Amino acid sequence: MATAQKSRSKQAKAITLKGSTEIVTDFFKFATNANVYPTDDFHMVKKYGQVVLVTQDLGLERYIDTVLTQVREWLTSGSITQLVIAIVARESKVTLERWVFDIKLTLPPGPTEEDPNPAPVPPKPESEIQAEIRGVIKQIISSNTFLPTLNEPTYFTVLAYTNDNPGTASTPGGDPAAEANPAPALWLDSDPLLIEQGKSQQVRLKSFDTKIHKIEAMVPMGASTEDGIGCV
């Protein structure tokens, strides 16, 4: 007696808003860890098919977790438009680097009178998304090839731009390593920590797209190194 055999094909599942939010939040965790403190303060883990650095400092880890808890909520609501990681000189308070991540939200089309049954957005394989993220992380890790070495003590501040307050950055505090400045629960209005206008150019990095969130990265560069491109 012949038995019927069903052919099975592995199809990519459409990523939900919640799933996309977790992917982007996870990316920001590793992006924030990269290049913010000396490598001695980190340990190596395998992520995105490569070795990445994760902080060993419990205070810094709590700070990053506090930041990402709010970022996760903003990603879910679609209210965040940009996340910035500013590297600031501890003494002079001058912004030395400013990593900018633009965030674009694209939700699947809903039913309308003209089109009550819109076609679903074709799913994107998670492996393809992970490969795109790996490309961005590699650029961040290798940034020492196009950014000059920071020869002074620094700290970093995370700035967020939201639809509710598009003209002003918000930050959960100053130096997360300072004992007198633990990570607070509320975000505060902040100076955007911009680079002086007219003295920098922007170098655009790779991007990644989950089909719901698209992240485009760039870093401003100043003309202060021997080859005419440097840190700002």
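Good morning. The model is a predicted one, in which local features need pLDDT of at least 70 and side-chain atom pairs count only at pLDDT 80 or more, while totals for chains, interfaces and linings use all residues. Residues are numbered from 1 along each chain as its sequence is written, and side-chain values use heavy atoms, with hydrogens and water left out.

I begin with the overall picture. The protein contains three helices and nine strands; helices (H or I, at least four residues) and strands (E, at least two) are DSSP runs, numbered from the N terminus. Read from the N terminus, the order of elements is α-β-β-α-β-β-α-β-β-β-β-β. Of its 232 residues, 41% are buried, where buried means under 20% relative accessible area, exposed means over 50%, and partly exposed lies in between, with a 1.4 Å probe and protein chains only. The accessible surface amounts to about 13500 Å², and carbon and sulfur atoms hold 51% of that surface. These areas come from the Shrake-Rupley method with a 1.4 Å probe, and for residues only the protein chains shown count as cover. Among contacts with a separation of 6 or more, 62% link residues 24 or more positions apart; a contact means heavy atoms within 4.5 Å.

Strand β1 (residues 42-47) and strand β2 (residues 50-55) run antiparallel and are joined by six bridges; two strands pair if DSSP finds at least two bridges between them. K47 has Q50 of β2 as its bridge partner. Two residues separate the strands of this hairpin, and Y48 in the turn has a positive phi of about 60°.

Strand β3 (residues 80-89) is likewise antiparallel to its partner, β4, with seven bridges between them. Here the hairpin has five residues between its strands, and K93 in the turn shows a positive phi of about 65°. Strand β4 (residues 95-105) is largely enclosed by the rest of the structure, because nine of its 11 residues are buried.

Where does I87 lie? This residue belongs to strand β3, and E97 of β4 is its bridge partner. I87 is buried, with a relative accessible area of 2%. Its C-alpha atom is separated by 6.3 Å from that of R98, 11 residues apart along the chain.

I turn now to the helices. The axes of helix α1 (residues 17-33) and helix α2 (residues 58-77) come within 9 Å and cross at roughly 150°. Such axes are lines fitted to C-alpha atoms, for helices over the stretch in contact, with angles from 0 to 180 degrees between N-to-C directions. Which residues make the contact? On α1 they include L17, V24 and F28, and on α2 they include I64, L68 and L75. By class, the contact has seven nonpolar, five polar and three charged residues. In this scheme Ala, Val, Leu, Ile, Met, Phe, Trp, Tyr, Cys and Pro count as nonpolar, Asp, Glu, Lys and Arg as charged, and the others, Gly among them, as polar.

Finally, two loop residues. L193, in the loop between β7 (188-190) and β8 (200-209), is not a glycine, yet its phi is positive at about 55°. L193 is buried, with a relative accessible area of 18%. K211 sits in the loop between β8 and β9 (213-222), and its phi, near 85°, is also a positive value in a residue other than glycine. K211 is partly exposed, with a relative accessible area of 38%.
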